[in-house]
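Please read these notes with the model open beside them.

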Amino acid sequence: MEDIFQVGVITTTHGVRGEVKVYPTTDDAKRFKRLKEVILDTGKEHITLEIEGVKFFKQFVILKFKGFDNINDIEKYRQKSLYVTRRNAVRLSRDEYFIADLIGLQVQNEDEEVIGVLKDVMETGANDVYVINLNDGRELLLPAIKQCVLKVDVEGGMMQIHILEGLLD
């Protein structure tokens with residue numbers, strides 16, 4: 001299981017007082033208002049940054065970090081990712097999972113036979129779609145609905161599914 005989750009990517013600086021424009025990679029950009037800190041991945045190390053100010057501009061979040069007071073301090077972090085710890089991640093409802101926790105799960109059918117591995121999650125308008133690489137080399141696109149996903153055990157590394165008629169044709 002992942003310990004940190006990406007919430008955004010610094011796209012560019014904003015003004016000359018050390019603010020940055022962040023493209024949010026989280027479902028709810030408003031969550032930045034509740035965050036006190038984020039983890040910056042510089043490519044070489046992870047640095048914890050304290051959030052001093054949050055504003056919103058179009059689809060971007062404008063962040064001000066404590067201790068970064070001019071454009072020269074922050075400019076080197078353009079195109080770098082921001083993360084939060086699992087403790088600071090959004091609270092999930094029942095039957096909701098972080099995509100990072102799902103990828104790599106062993107997938108088994110109703111007879112508990114391992115048939116493949118979950119490789120990706122496609123986010124669509126109606127429901128997510130799980131991309132499963134089957135052991136026979138084929139790819140299964142499985143809608144993430146209760147009729148198809150019978151059981152998810154993230155800690156056990158397993159997902160049990162029911163394949164609706166016609167999905168493998």
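1. Which residues does alanine 144 touch, not counting residues up to four places away in sequence? They are Asn127, Asp128, Val129, Tyr130 and Val149, where contact means heavy atoms within 4.5 Å. Alanine 144 is found in the loop between β10 and β11. It counts as partly exposed because its relative accessibility is 25%; the scale calls a residue buried under 20% relative accessible area, exposed over 50% and partly exposed in between, with a 1.4 Å probe and protein chains only. Aspartate 27 lies 117 residues from alanine 144 along the chain, and their C-alpha atoms are separated by 17 Å.

2. On the basis of these notes: this is a predicted model, in which local features need pLDDT of at least 70 and side-chain atom pairs count only at pLDDT 80 or more, while totals for chains, interfaces and linings use all residues. Residues are numbered from 1 along each chain as its sequence is written, and side-chain values use heavy atoms, with hydrogens and water left out.

3. An open sheet is formed by 6 strands in the order β10-β9-β8-β7-β12-β11, and its pairing is mixed. Strands here are DSSP runs of E of at least two residues, helices are runs of H or I of at least four, and both are numbered from the N terminus; two strands pair if DSSP finds at least two bridges between them. β10 (139-143) and β11 stand at the edges, each with a single partner strand, so one side of each has no neighbour in the sheet. From one strand to the next the twist averages 30°, with axes fitted as lines to C-alpha atoms (for helices over the stretch in contact) and angles running from 0 to 180 degrees between N-to-C directions.

4. Within that sheet, β7 pairs with strand β8 (residues 114-122) in the antiparallel sense over 3 bridges. Valine 107 stands opposite glycine 116 in β8. Glutamine 108 is found in strand β7 (residues 106-108) and counts as buried because its relative accessible area is 13%. Leaving out residues up to four places away in sequence, glutamine 108 touches Glu113, Val114, Ile115, Met158, Met159, Gln160 and Ile161.

5. There is also a closed barrel of 6 strands, running β1-β2-β5-β4-β3-β6 with antiparallel pairing. Its twist averages 50° from one strand to the next. β1 and β6 pair in the antiparallel sense over 5 bridges, and glycine 8 stands opposite leucine 82 in β6.

6. Tyrosine 23 belongs to strand β2 (residues 19-24). Is tyrosine 23 buried or partly exposed? It counts as partly exposed, because its relative accessibility is 42%. Beyond its neighbours within four places in sequence, tyrosine 23 is in contact with Val7, Gly8, Val9, Thr11, Gln59 and Phe60. Tyrosine 23 and isoleucine 10 are 13 residues apart in sequence and 6.4 Å apart in space, C-alpha to C-alpha.

7. The largest pocket has a volume of about 1000 Å³. Its lining has 33 residues, of which Asp27, Leu92, Tyr97, Phe98 and Ile99 lie nearest its centre. The elements giving two or more residues to this lining are β1 (4-14), β6 (81-85), α2 (99-102) and β11 (149-153). A pocket is an open set of points on a 1 Å grid over the protein atoms alone where a 1.4 Å probe fits, with protein on both sides within 12 Å along at least five of seven lines; lining residues have an atom within 4 Å of a point. Grid points are joined across faces, edges and corners, and the volume is the space filled by probe spheres set on them.

8. By residue type, the lining of the largest pocket divides into 20 nonpolar, 3 polar and 10 charged. Ala, Val, Leu, Ile, Met, Phe, Trp, Tyr, Cys and Pro count as nonpolar, Asp, Glu, Lys and Arg as charged, and the others, including Gly, as polar.
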